[in-house]
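User: Could you walk me through how to read the ligand site, the cavities and the strand pairing in a model like this one?

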Amino acid sequence: MSTLLQIRNLRKSYGALKVTDDVTLDIEEGELHAIIGPNGAGKTTLISQLSGQNPSDAGALIYQGEDIMRLSMAERVHRGLARSFQITSLLPGFTVLENVAMAVQARSGSSFRFFAQAAKEDELNRDAMVCLRRVKLADRADRLAGSLSHGEQRQLEIAVALATEPKLLLLDEPLAGTGHEESAALVELMRGMKRRHTVVLIEHDMEAVFALADRLSVLVYGRVIATGTPEEIRNNPEVRAAYLGEEAA
Amino acid sequence: MIALAPRTRLLAAALLFVLFALLPFLATALDDHFIVITATRVMVFAIAALSLDLILGYGALVSFGHAAYLGIGAYTVAVLSSNGVSDLGLQMLGAVLASAAFAAVTGAISLRTKGVYFIMITLAFGQMAFFFFVSLSSYGGDDGFTLQARSTLAGMALLEDDRVFFYVTLAALVLLFLFANALIGSRFGRVLTGTRENPLRMQAVGFTPFRYQLTAYVISGCMAGIAGVLLANQTEFVSPAFMTWHRSGELIVMVILGGIGTLVGGILGAAAFLMLEEWLAIFSEHWKLGMGALLILVVLFTRGGLTGLLRRFLGGRA
Ligand SMILES: Nc1ncnc2c1ncn2[C@@H]1O[C@H](COP(=O)(O)OP(=O)(O)OP(=O)(O)O)[C@@H](O)[C@H]1O
Ligand SMILES: [Mg+2]
């Protein structure tokens, strides 16, 4: 296995608060790498730095051998680095299908086309439907995204991310706020993603994390305090004290 | 914001255009030539409002300097015809090029800002254009500049006939509407509308909103520049008064009055605004007070301007 993304000494502060504190991590090609940690540990911030949404103060990001630190979010997406949002971020006034077709459109040909009607482009719609089927939302294709239930919107988030055809998928708490059934379906979906995509998964649901992850990293106050297999993490005394211990108690 | 189904939008527009096309006959029947002149003016502003709706309604870009393009278009006519180029087509081409250049430069700067800052910076650029033409003494400066004649078509002075000019203006309005209508349904329009709803989401799937917003801003400016060419011909006079910030504000009012993000709304709004201006002025010199009150009512109660109101009267969902 080769390293897909090398994170080197990454830093980010908001004023005096060090939110990402010297993070160094390798994301291996094909793995599902979970990042866990208490609320406010800096998990979302780290994802935002990796995806290019937030600039980093210092450090390096080497993706497929290329330094991507200065690339915009859109440029990183075109290289196969996509994210989903912890707080759902969709196009509420567009249909479910259009939300996904937009992502397909972004990677297939120029969008500086001014006359032909995009809604009639079968190829965009077909690829979008494939993604909707993967997350089991095909029957909602014509509904407005804003009218979906919370759980369905979480599924749509993932369908949109998949539609960019990512090599590296950064998922920020995909299970947050979903019901039991939806959550089980999403876990199944993520299991199916393994190998096809490299995944960085942030999740508070420990059952899901330990069921899915090949490796885990534990983030506390912006620092990675441990990285390893689920077994190693479970038995790491520092991790138990800092994070898992709370749950065991 | 109310969204019109594409077919409803086309139907409403077709109805409006047919009504416009019949007005000269009404003028003959009533022996009231003023109808033709007023309707021409309405259509000129309809083009300007339509162009503004493209960026305001579909891009959420509130430009408070849009009248600058009316001025740029109008002065293109003055400058070109003074230099022997009187052909309407060439003048429109000139106006499009000049508008595109101004929009590209000012848009590239304005679009670095958002929200109220965008409004202020477009206002500032509009004022700069205004003062540029005020200081242009070879074209009358403050006092404006009277055109020798209307533009020519195929070398002939056809536009001197108010009715011919009316139908040329109508043709321009119809073509530009069809252009805008195709645009918003295209890949480009979809991206533009997406950036209005959620720019972060658009970046997260791989778009750079700035490029699409700037392109829309330039296209919109070019359309308004064409309106400026027609405005100069309608009044046979050009003046910095075409491009005051009041005028920019009026264009925004027209779009809101008619219904933001509907295209048809810009046309309806321009008609409503200019008619009201005339009628209210008959009753009182304080007609602007009435206009203000009316605008408040429209915003508070119609949910989507005249287009929204009409849709509710016609019943059901579009
Ligand atoms: N834009 C910002 N400005 C200032 N502080 C911020 C900003 N964004 C995040 N923070 C702070 O940085 C810290 C890390 O936030 P972040 O959202 O990355 O945590 P998280 O690990 O994702 O938490 P959660 O599990 O609750 O999602 C928090 O203390 C938060 O208040
Ligand atoms: Mg978070």
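Analyst: Happy to, and let's start at the ligand: a polar backbone atom of A:Gly42 lies 2.9 Å from an oxygen atom of ligand 1. That is a polar contact, meaning a pair of N or O atoms within 3.5 Å; within protein, one must be able to donate a hydrogen and the other to accept it, and residues adjacent in sequence count only if both atoms are side-chain atoms. Please keep in mind that this is a predicted model, where local features need pLDDT of at least 70, side-chain atom pairs count only at pLDDT 80 or more, and totals for chains, interfaces and linings use all residues. Residues are numbered from 1 along each chain as its sequence is written, chains are lettered from A and ligands numbered from 1 in the order in which they are written, and side-chain values use heavy atoms, with hydrogens and water left out.

User: Which other atoms make such contacts, and how much of ligand 1 does the protein cover?

Analyst: A polar side-chain atom of A:Thr44 is 2.7 Å from an oxygen atom of ligand 1. Of the 640 Å² of accessible area that ligand 1 has on its own, the protein covers 61% (Shrake-Rupley method, 1.4 Å probe; for residues, only the protein chains shown count as cover).

User: How many residues surround ligand 1, and which elements do they come from?

Analyst: A residue is near a molecule or strand if one of its heavy atoms lies within 4 Å of it. Here 13 residues surround ligand 1, with A:Gly40, A:Lys43, A:Thr44, A:Thr45 and A:Gln86 the closest. Strand E2 (17–28) and helix H1 (43–51) of chain A each give two or more residues to this shell, and H1(A) gives the most, with 3 residues. Helices (H or I, at least four residues) and strands (E, at least two) are DSSP runs, numbered from the N terminus. By class, the shell has 4 nonpolar, 7 polar and 2 charged residues; Ala, Val, Leu, Ile, Met, Phe, Trp, Tyr, Cys and Pro count as nonpolar, Asp, Glu, Lys and Arg as charged, and the others, Gly among them, as polar.

User: What lines the largest cavity?

Analyst: Rolling a probe the size of a water molecule over the atoms shows where empty space is left. A cavity is a set of points, on a 1 Å grid over the protein atoms alone, where a 1.4 Å probe fits but cannot get out; lining residues have an atom within 4 Å of a point. The largest cavity holds about 30 Å³ of space, and its lining is B:Thr38, B:Arg41, B:Val42, B:Leu274, B:Glu277 and B:Glu278. Helix H2 (34–59) and helix H11 (264–283) of chain B each supply at least two of the lining residues.

User: How do the strands of chain A pair, parallel or antiparallel?

Analyst: Strands of a sheet pair through backbone hydrogen bonds, either parallel or antiparallel. DSSP must find at least two bridges between two strands for them to pair. In chain A, an open sheet of 4 strands has the order E2-E1-E4-E5, with antiparallel pairing. E2 and strand E5 (66–67) are the edge strands, each pairing on one side only. Strand E1 (residues 3–14) is joined to E2(A) by 9 bridges, with A:Gln6 opposite A:Asp26. In their hairpin, A:Gly15 takes a positive phi near 60°.

Note on methods: 1 Å grid on protein atoms, 1.4 Å probe; cavity = no way out; pocket = protein on both sides within 12 Å on 5 of 7 lines; lining within 4 Å. Points joined across faces, edges and corners; volume = space filled by probe spheres on them.
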